[in-house]
Amino acid sequence: MKKQALKSGSRPPWVGLAAAVWVEMSAGNAYNFPLYSSKLKSVMGFNQQQVTILGVANDIGENVGLLPGIACNKFPPWAVLLVGVVFCFLGYGVLWLAVSQTVSGMPYWLLFLALVIGTNSNAWFGTAVLVTNMRNFPLSRGTVAGILKGYVGISAAVYTALYSMVLKESATRLLLFLTLGIPVICLVMMYLIRACTPASGEDSSVHAHFIFTQAASVIFAIYVTVISITSDVVSLSETVSYILIAIMVVIMMSPLGIPIKMTFFPVNTNKSTPAGSSDDLVRQGGDSTQTDPLLTPSSSATSLDTEDDVSDIETLLAVGEGAVKKKRRPRRGEDFKLHEAFIKADFWLLWVVYFLGVGSGVTVLNNLAQIGIALGVDDTTTLLCVFSLCNFAGRLGSGAVSEHFVRSNTIPRTVWITITHLIMVLTFLLYASALNGTLYAATALLGLCYGIIYSLMVPTASELFGLKHFGIIYNFILLGNPIGALLFSAILAAYIYDAEASRQGSSTCLGAECFRLTFLILAGVCGLGTILSTILTIRIRPVYQMLYGGGSFRLPQTSGH
């Protein structure tokens, strides 16, 4: 593979981050399944079980990203994005043909496959922009992950607003937009997302730029949620609807203000930077065609694992007149390959903790409509908007908060995951109680917790196992999402719901008993997650003391590994 040339300059990383916002919004297209599943069910004559299985296909396609994880190390970002564009066009194109009845009599297996392919575009979109921007901003991983994953979280409300205000609640038009509109957006942004010389996290202007981006995203999230709920409660004219959507688009473009500002008001950056910063590494390269320093051979750090210690006899082999170091396994904080991460207990602890958290959360998300109906809420649009807004807040806020405490007190990000699991235990008990007025509060808490766990997994994995093979490691951990959806939602929740519905003599279950047992089991699941996350936090505390002991992320020194 030919090594990628890096785009030099201080503006390109920010241009890429602004473009990534649009791609991440596109990467939330799997959230649209509830908007067109009813139409698909009626047109094709499916039963609820068949629709539920299609929902699992939706989760599988969205989260199975091993191939894009491998591709992001072998091809430039635009090539990875292009695959996502093709998948999006083909997958949703087939669904549009079925729902619009342009082609009739499509077999069930074809629709299942089309849904997997269409939603798998999310993995290609998300992996390309996340890996690229994490490498472009290596000293601000939590912040970048929070911003990008935050936009994915709020995308459900964005699509809901488009669906109700522009597409006139037409599933056919929505699928046509997903078939043509999303690919066009990503094709336009494709050129702007490039591997760049890493931005310095030590520059005060970088902090100010992140604050601006976070503030803009908060304003955007609140605005989208308000207009989504308003359009559901109040009948708006077509003109007003288009104006509100146009304002939404303008707010989405606000991150572009940073590179524009940098163009017209350049800042002199010719000043000393701390040793170990990304700028220091960039200066060591010399020319603009250098390769990403984070993609160079793996680096070494202070020994953290006693099991990794080896004797001099084992590490040194006499060769000719001298001696060379024997290739050793990487230590936590260095660059791991996937098979090397497999044999680390911390990798599997992180995977299980993530699986238990998001698996519980996605169970509620996939059954939110049925939960609302069972507890007496017929219109679940507002419920979905509440979950989406809090999901966004959890993703964005956890990135900023964990970044602050990891730099100031070297507190591992998993501390917040532990607290989140504990809150989820209380949230599921609140769901199970079915007390009046608690549904919206419980949904808000769960959306917040779901977003926190999803967002914090990203920088944690990169800090423990490095950025070089981050794409495939991150996507392997993401498999916890569809596996959780299958076990907790399609099997556990569906079985308990159908059993209670049969007892009531109806296909629709009403009352708190429809999900009470499910909620109690999920509370126990999150209790286990709390214990395992605590163990993980204790184990990796020395890693964070090494990486952030100086108040800023320290890139490990180069070694022969």
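Which helix gives the most to the nonpolar patch? Helix 5 does, with five residues.

This is a predicted model, in which local features need pLDDT of at least 70, side-chain atom pairs count only at pLDDT 80 or more, and totals for chains, interfaces and linings use all residues. Residues are numbered from 1 along each chain as its sequence is written, and side-chain values use heavy atoms, with hydrogens and water left out.

**View 1. A nonpolar patch on the surface.** Trp78, Leu82, Val86, Phe89, Leu90, Leu176, Leu180 and Leu187 form the patch. Together they have about 700 Å² of accessible area. Areas come from the Shrake-Rupley method with a 1.4 Å probe; for residues, only the protein chains shown count as cover. Patches are made of residues with over 30% relative accessible area and no salt bridge; like charges are joined within 9 Å, nonpolar side chains (Val, Leu, Ile, Met, Phe, Trp, Tyr) within 5 Å. Helix 5 (77-99) and helix 8 (171-189) each supply at least two residues of the patch. Helices (H or I, at least four residues) and strands (E, at least two) are DSSP runs, numbered from the N terminus. Leu90 sits in helix 5. Its relative accessible area is 46%, so Leu90 is partly exposed. Buried means under 20% relative accessible area, exposed over 50%, and partly exposed in between (1.4 Å probe, protein chains only).

**View 2. The salt bridge between Glu238 and Lys168.** The structure holds eight salt bridges. A salt bridge is a side-chain nitrogen of Lys or Arg within 4 Å of a carboxyl oxygen of Asp or Glu. Here the closest N and O atoms of Glu238 and Lys168 are 4.0 Å apart. The pair links distant parts of the chain, 70 residues apart. Glu238 is in helix 10 (residues 238-252), and Lys168 is in the loop between helix 7 (141-165) and helix 8. Both ends are partly exposed: Glu238 at 46% relative accessibility, Lys168 at 38%.

**View 3. The salt bridge between Arg539 and Asp346.** The closest N and O atoms are 2.5 Å apart. Arg539 lies in helix 22 (residues 516-547) and Asp346 in helix 15 (residues 345-366), so the bridge ties together parts that are 193 residues apart in sequence. Arg539 is partly exposed, at 34% relative accessibility. Asp346 is buried, at 1%.

**View 4. The salt bridge between Glu500 and Arg503.** The closest N and O atoms are 2.5 Å apart. Both residues are in helix 21 (residues 480-504). They are three residues apart, so about one helical turn separates them. Glu500 is buried, with a relative accessible area of 12%. Arg503 is exposed, at 61%.

**View 5. The largest cavity.** The structure holds one cavity of 30 Å³ or more. About 50 Å³ of space lies in the largest cavity. On a 1 Å grid over the protein atoms alone, a cavity is a set of points where a 1.4 Å probe fits but cannot get out; lining residues have an atom within 4 Å of a point. Grid points are joined across faces, edges and corners, and a volume is the space filled by probe spheres set on the points. Lining residues include Ala374, Tyr431, Cys514, Phe515, Arg516 and Phe519. Helix 18 (414-433) and helix 22 each supply at least two residues of the lining. By class, the lining has nine nonpolar, one polar and one charged residues. Ala, Val, Leu, Ile, Met, Phe, Trp, Tyr, Cys and Pro count as nonpolar, Asp, Glu, Lys and Arg as charged, and the others, Gly among them, as polar.

**View 6. Helix 20, mostly covered.** This helix spans residues 470-478. Nine of its nine residues are buried. Among them are Phe470, Tyr474, Asn475 and Leu478.

**View 7. Pro255 in a loop.** Pro255 lies between helix 10 and helix 11 (257-264). Pro255 is buried, with a relative accessible area of 3%. Pro255 and Thr213 are 42 residues apart in sequence but 5.7 Å apart in space, C-alpha to C-alpha.

**View 8. Positive phi at Glu169 and Thr410.** Most residues other than glycine have a negative phi. Glu169 has a positive phi of about 55°. Glu169 lies in the loop between helix 7 and helix 8 and is exposed, at 52% relative accessibility. Thr410 has a positive phi of about 50°. Thr410 is in the loop between helix 17 (381-409) and helix 18 and is buried, at 12%.

Terms used: On a 1 Å grid over the protein atoms alone, a cavity is a set of points where a 1.4 Å probe fits but cannot get out, and a pocket is an open set with protein on both sides within 12 Å along at least five of seven lines; lining residues have an atom within 4 Å of a point.
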